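Biologist: I would like a close look at the charged side chains here and at what surrounds them. Please give me the cut-offs as you go.

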Amino acid sequence: MAGKSRLSEWLRRRSAGSDSDPGSAPALAREELIQSAAAAGFPVAPAAHPSGYGCSCDRVGCPTPGMHPVSFAWHTQATTDPQKIDHWLSTQPLANFISATGASHDVLDVPADAGAIALDLLAAGDAEAGPVAAYGDDRLLFFTATRGTPVDEDEWWPCELDCHPETVDEHPGLRWHCRASYVLLPPAKLPTGGAVTWLPDRGPDRPLPDPLPLLEVLMDACAQVEYVPETVGWRL
C-alpha cells in the first residue's frame, strides 16, 4: 500500500537521523504505555480485543472486533486515575484501551501517506507535531489540544470533520475526534494483525499542539493524495 511505503520511508529517515535506532529499544510494557498516556492527561478506558477471527465481546458478528470499548458508559468511565487503571490492567490482561477525546485532547486522524507528508511539512517548517501514533499501516493519529468543553454548550462549534464511532466510514479522509469520540491507544492489537504504536520520539509526553494550525497542514497533505474508492486506499 502507498501509505505503508511512505510511512516506512519516513520512519527509515527518522531512524537514520537519530543517534539510536528506536526499533532496537525494547518495547515498553503494556502497563507502562497505558499509564504514560493517562499521566499525560488522556482519559482511558478498557476496550475489547481481537479473539481468533472475531471479537472478545459477546456480540455475534461484531462489526468492529477489538476496536470498541467494553462498556457503553465508556465516556464517563474513562479516567486518568492510576489505581483504577492498574485494576483494569490486572483484571483484563488482554484488553485494548481507548482514550476518550474532547475533554483534555482531540485527535486528528488521517491516511498514513497523507500523515507522512504532513510530518515532512511540519519538520520543514520547524513546527510542533505533538504525539503521533500509527494505526497499523493505514492511518496516523495526531494528538492535539482540544477545542474545549465550554460551560455554555452554545459556545461549542461543530466541524464537518467531526468523527464519532458510528460515523467513521463516512470520513475516509481527515477525521477530527472530539466530543463523543475515542481512539485506540498503543499497544492496542488490531483485527488485521497490526497494532497501534507511538512513532519514534512522538509519545504522549510531547506537548499537545494547537489543532487549528496542524489542521491546515494535514488538509494540505491530504490534498496531495488521491482517494481511490475501488481499492479503499490513497495514492499520490
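Modeller: Happy to! On the surface, a patch of negative charge is made up of Glu31, Glu32, Asp81 and Asp86. A patch takes residues with over 30% relative accessible area and no salt bridge, joining like charges within 9 Å and nonpolar side chains (Val, Leu, Ile, Met, Phe, Trp, Tyr) within 5 Å. Asp and Glu count as negative, Lys and Arg as positive, with His and the chain ends not counted; each charge is placed at NZ of Lys, CZ of Arg, CG of Asp or CD of Glu. Areas are Shrake-Rupley values with a 1.4 Å probe, and for residues only the protein chains shown count as cover.

Bear in mind that this is a predicted model, in which local features need pLDDT of at least 70 and side-chain atom pairs pLDDT 80 or more, while totals for chains, interfaces and linings use all residues. Residues are numbered from 1 along each chain as its sequence is written, and side-chain values use heavy atoms, without hydrogens and water.

Glu31 is partly exposed because its relative accessibility is 37%, on a scale where buried is under 20%, exposed over 50% and partly exposed in between. Other residues of helix 2 are buried, namely Arg30, Leu33, Ile34, Gln35, Ala37 and Ala38. Their cover includes strand 1 (44-47), helix 4 (82-91), strand 4 (96-100) and strand 11, with contact meaning heavy atoms within 4.5 Å. After helix 2 comes Gly41, with a positive phi near 100°.

In one of them, Arg175 and Asp109 bring their closest N and O atoms to 3.3 Å. That pair ties together distant parts of the chain, with Arg175 in strand 9 and Asp109 in strand 5 (residues 106-111), 66 residues apart. Arg175 and Asp109 are both buried, and Arg175 counts as such because its relative accessibility is 12%. Besides Asp109, Arg175 touches Val107, Leu108, Arg139, Leu161, Cys163 and Val168, leaving out residues up to four places away in sequence.

Arg147 pairs with Asp162, the closest N and O atoms being 2.4 Å apart. Here the loop between strand 7 (139-144) and strand 8 (162-163) supplies Arg147, and strand 8 supplies Asp162, 15 residues apart. With 15% relative accessibility, Arg147 is buried; Asp162, at 11%, is buried too. Shared partners also join Asp109, Arg139 and Arg175 into one network of salt bridges.

A further bridge runs from Glu128 to Arg206, with 3.0 Å between the closest N and O atoms. Glu128 sits in the loop between helix 5 and strand 6, and Arg206 in the loop between strand 11 and helix 6, 78 residues apart. Glu128 is partly exposed at 36% relative accessible area, and Arg206 is partly exposed at 24%. Setting aside neighbours within four places, Gly130 contacts Arg206 along with Arg202, Pro207 and Pro209.

Methods
Buried < 20%, exposed > 50% of the residue type's maximum accessible area, 1.4 Å probe, protein only. Salt bridge = Lys/Arg side-chain N within 4 Å of Asp/Glu carboxyl O. Helix = DSSP H or I, 4+ residues; strand = E, 2+ residues; numbered from the N terminus.
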